[in-house]
Amino acid sequence: MKTEQKIIAFCCNWCSYAAADLAGISRLQYPASIRIIRVMCSGMVHPEMVLHALAQGAAGVMIIGCHLGECHYIKGNEMALARAEVIADTLEDLGYESERFQLSWISSAEPERLVDAFRNMCGRLAVLQSEQPADPFTEA
Amino acid sequence: MKPKLSFEGLHACSGCEMALLNLGEQLLALFDQVEIVHFPLLMDHKYGEHGEGGALSLPKADIGLVSGGVAHTEHLLVLREMRRQCQTLIALGTCATHGGIPAMRNEWSIAETLRTVWAAGTSDNAPVPCPGSSALDRVYSIDEKVTVDVSLPGCPPQPQLIAAVIEALIQKKSFQLPQKSVCDACPTLREGKKKAPAVQRFLQNADYHPDQPVSAMRCLLEQGLLCMGPVTAGGCGGKETPLCLRARVPCRGCYGPVRSGGNQLLDMMNGLASNGIEYRSLVDRKSMLRFSGAHGLLKPARKKQ
């Protein structure tokens, strides 16, 4: 896998960011391509932020929020869920593979699941990288 | 000495030039204040490699207007020459600012486009006549290629606004371009409740009474019509009702995104989804970028293996 590919992970302050913290304390290893951006709620991640990350060269984007029903702000992650469906569909329209986007629910007590989610995403993007032509404008 | 005005059209339909000429009596007063040095639509002027010098050359000007996007290498040469010769460069019209209708071809590769255009219907095997086509890989807005001082979107831009900007530049005054969305000037009734969970197609008629003014009509988006108003820059009707709404049809999105870096497709989908509208009922989502396909927004679909 190319190490220079970057994955932007928007982590909710109340769950997955704490899980990432716990993963660090527990010395769990995860790929170096992950770049965590802390947000107050997964519901605040506008689709344009996801698109911007991809347009600036990120290989993939993850939004990680609290389990449904456990949102710190009651319904923020439901908003994230509604938006995630739109993002996945629209990315294909805009010329990106929908596999480049991932929405996950991880609580603050689940660092292993977080690391698994990171690893899965990296693996998926590595497969994607290996099977596609470099420039979409060159004729296949 | 009067300031010099230069007006060049690239990958465009001359509609923006017509919009300026459509100014009415104001036009005479405006043309009195400037010296037009280059305006191919109005006056014959040989330039380019068939011109006098043998090489492309344009006259120097204080104000340069460019309509149309960049789709061919010739456009690029002319645009760069315009930039070199003009002190202030105005991108006029949505093609120049966001790619416009011609940028819809960015949905396909140039090879696919040529094949579709030349080998159609009964002449499926017709060869593409010009293999050395000067077409670029995609259609660019002019700000992707040169520095632009003022961006005036619109298809076409509102004549009064073009005149106001040119006059402000002549008098070296500052000016304010509209920064709000189409909805800001739209007088239709918003009740905050959606009527239909699905989105109807553009050819569906809105529900209104012809004898009553637009302000008595319910918001078209709330009626279930796909109105691009919320994600489209306003100004088409001046301070009055937006133009399409006057004709009781939904906004098509011709002024491009509200913020220059915006994405009309993504913003509209986000808006529909957060309001619980069944966005999957849309037949052709990509067409929401019909006016703003440059800046790399419209891309050929990647082929799945």
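Start by selecting the two domains of chain B: 15 residues of domain 1 of chain B are in contact with twelve residues of domain 2 of chain B. Keep in mind that you are looking at a predicted model.

On the domain 1 side of this contact, colour helix 4 (94-98) and helix 6 (159-170) of chain B, as each supplies at least two residues. Helix 4 of chain B provides the largest share, with three residues. Now colour that side of domain 1 by class, and you will find five nonpolar, nine polar and one charged residues.

Next, bring both chains into view. The contact between them takes 20 residues from chain A and 21 residues from chain B. On the chain B side, pick out strand 6 (135-140) and helix 8 (264-274), each of which supplies at least two residues. Helix 8 of chain B gives the most here, with six residues. By class, the chain B side divides into seven charged, five polar and nine nonpolar residues.

For the last stop, move to chain A and zoom in on strand 2 (residues 34-39), where Ile37(A) lies. Finally, draw a C-alpha to C-alpha distance from Ile37(A) to Ser108(A): the two are 16 Å apart in space and 71 residues apart in sequence.

Technical notes
Residues are numbered from 1 along each chain as its sequence is written. Chains are lettered from A and ligands numbered from 1 in the order in which they are written. This is a predicted model: local features need pLDDT of at least 70, side-chain atom pairs count only at pLDDT 80 or more; totals for chains, interfaces and linings use all residues. Two residues are in contact if their C-beta atoms, placed from the backbone, lie within 7 Å. Helices (H or I, at least four residues) and strands (E, at least two) are DSSP runs, numbered from the N terminus. Ala, Val, Leu, Ile, Met, Phe, Trp, Tyr, Cys and Pro count as nonpolar, Asp, Glu, Lys and Arg as charged, and the others, Gly among them, as polar.
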